[in-house]
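Please examine the sequence and the structure shown here before reading on.

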Amino acid sequence: MRSLLVTGGAGFIGANFVAFWTRRHPASRVTVLDLLTYAGNRANLDGVAADLVVGDICDFELVARLIAEREVDTIVHFAAESHVDRSILGPDAFVRTNVVGTHTLLKAARQAWLGEKPRPHRFHHVSTDEVYGTLAPDDPAFRETTPYAPNSPYSASKAASDHLVRAYHHTYGLQTTTSNCSNNYGPFQFPEKLIPLFLLNALHGRPLPIYGDGMQVRDWLHVEDHCLGIALVLERGRVGETYNIGGGAELPNMAVIDTLCALVDQAFAADPSLGVRFPEAPAAQGQPTASLKTHVADRPGHDRRYAIDCSKLTRELGYAPRHDFASGLRATIDWYLAHEAWWRSVLDGSYRKAA
Ligand code: NAD
């Protein structure tokens, strides 16, 4: 594996993956293809050994040219519209990027790698556990064989892309792998997702809007563990297979929120300078962060429970998550506290000007 094309590598998981991969494989050449939508941020790649090409995965000519010119032998495909709430408000962009974009990449990969002179290659597709639908409290966790039952426009578009990847393997022999992972958290996550949104709201004394009763259950995966799982699949995974990647931390949202609130309170108690930096935070005024918790109407069609069985990845490739949830969340809070300039530029939109 010498030359990687990482789509969506300026987004949350993609940027973490590029940093992870280049530390693990310093000899690899990495090209990031990213459209720098609202979710993409050039600054996420600062100090990382990768070339950023700003462009669209739906642009066949561009993708074909990059594969040829850079002798790409591995595509790691993260680029997507990724936020469920946005998919409910406007599904079209999800169909375009997640379905048409994935198909464009597959077409270009097939042309480049399976033409007159077939070349060793790998197409790795990054997907989600949301394609499996929702679980009742006592249902067994999702396995790779669980039938697909996507419930949101986001998960339906990801499911469609998974099927296209599968079809390109079975029909044309493209050397594909797919991973389906649970909810990620960690550095560089855009503050529309639960953990960074609630943390930044807590620092500014704004309400923490909890959907419905807050008892929706998710498995939480530290982004570095996700990157490890993908790296193992790229290095030793079986072609044509799918692998679930989980964090072993199945928790109701309310437990995540309560842990986050407690960790913020502890951080303020341990470091008085935080009260000076963030005077609007309840923790700066001797109040518990949990006093900001506010219930709001539930998301339409909100899946109740996801749980992921990643024993196939453990059994075949030796995967084990390195972060437990409490310490991973503490480290994530510390990262946001230490990278105020990063999230302020996201909140005030100035990161877009750098694009
Ligand atoms: P993100 O929204 O943070 O980043 C997506 C990136 O894709 C951005 O940099 C954006 O600019 C880029 N992009 C969007 N449209 C593009 C296009 N047409 N052409 C080129 N680039 C484009 O997403 P993320 O959270 O980093 O997720 C990455 C992948 O992981 C996605 O495929 C997502 O479905 C999957 N996933 C995410 C999670 C999670 O918890 N975040 C969980 C399971 C699966």
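Predicted model: local features only at pLDDT ≥ 70, side-chain atom pairs only at ≥ 80, totals over all residues.

Residues are numbered from 1 along each chain as its sequence is written, and side-chain values use heavy atoms, with hydrogens and water left out.

Q: Which residues have the most contacts inside the largest nonpolar core?
A: A nonpolar core is a set of buried Ala, Val, Leu, Ile, Met, Phe, Trp, Tyr and Cys residues joined through side-chain atoms within 4.5 Å; buried means under 20% relative accessible area, exposed over 50%, and partly exposed in between, with a 1.4 Å probe and protein chains only. The largest such core has 73 residues. Those with the most contacts inside this core are V6, F17 and V76.

Q: Which backbone atom lies 3.1 Å from an oxygen atom of the ligand?
A: A polar contact is a pair of N or O atoms within 3.5 Å. The side chain of D56 has an N or O atom 2.9 Å from a nitrogen atom of the ligand, and a polar backbone atom of F78 is 2.9 Å from a ligand oxygen atom. At 3.1 Å from an oxygen atom of the ligand is a backbone N or O atom of F12.

Q: Which element gives the largest share of the shell around the ligand?
A: The ligand is surrounded by 28 residues, each with a heavy atom within 4 Å of it. At least two shell residues each come from α1 (12-24), β5 (122-128), α5 (153-172) and β7 (183-185). The largest share, three residues, comes from β5.

Q: Is E71, with its positive phi of about 45 degrees, buried or exposed?
A: E71 has this phi although it is not a glycine, and E71 is found in the loop between α2 (60-69) and β4 (74-77). Because its relative accessibility is 55%, E71 counts as exposed.

Q: Where is F188 found?
A: F188 is not a glycine, yet has a positive phi of about 70 degrees. F188 is found in the loop between β7 and α6 (194-203).

Note on methods: Polar contact = N/O pair within 3.5 Å; in protein donor to acceptor, adjacent residues only side chain to side chain. Helix = DSSP H or I, 4+ residues; strand = E, 2+ residues; numbered from the N terminus.
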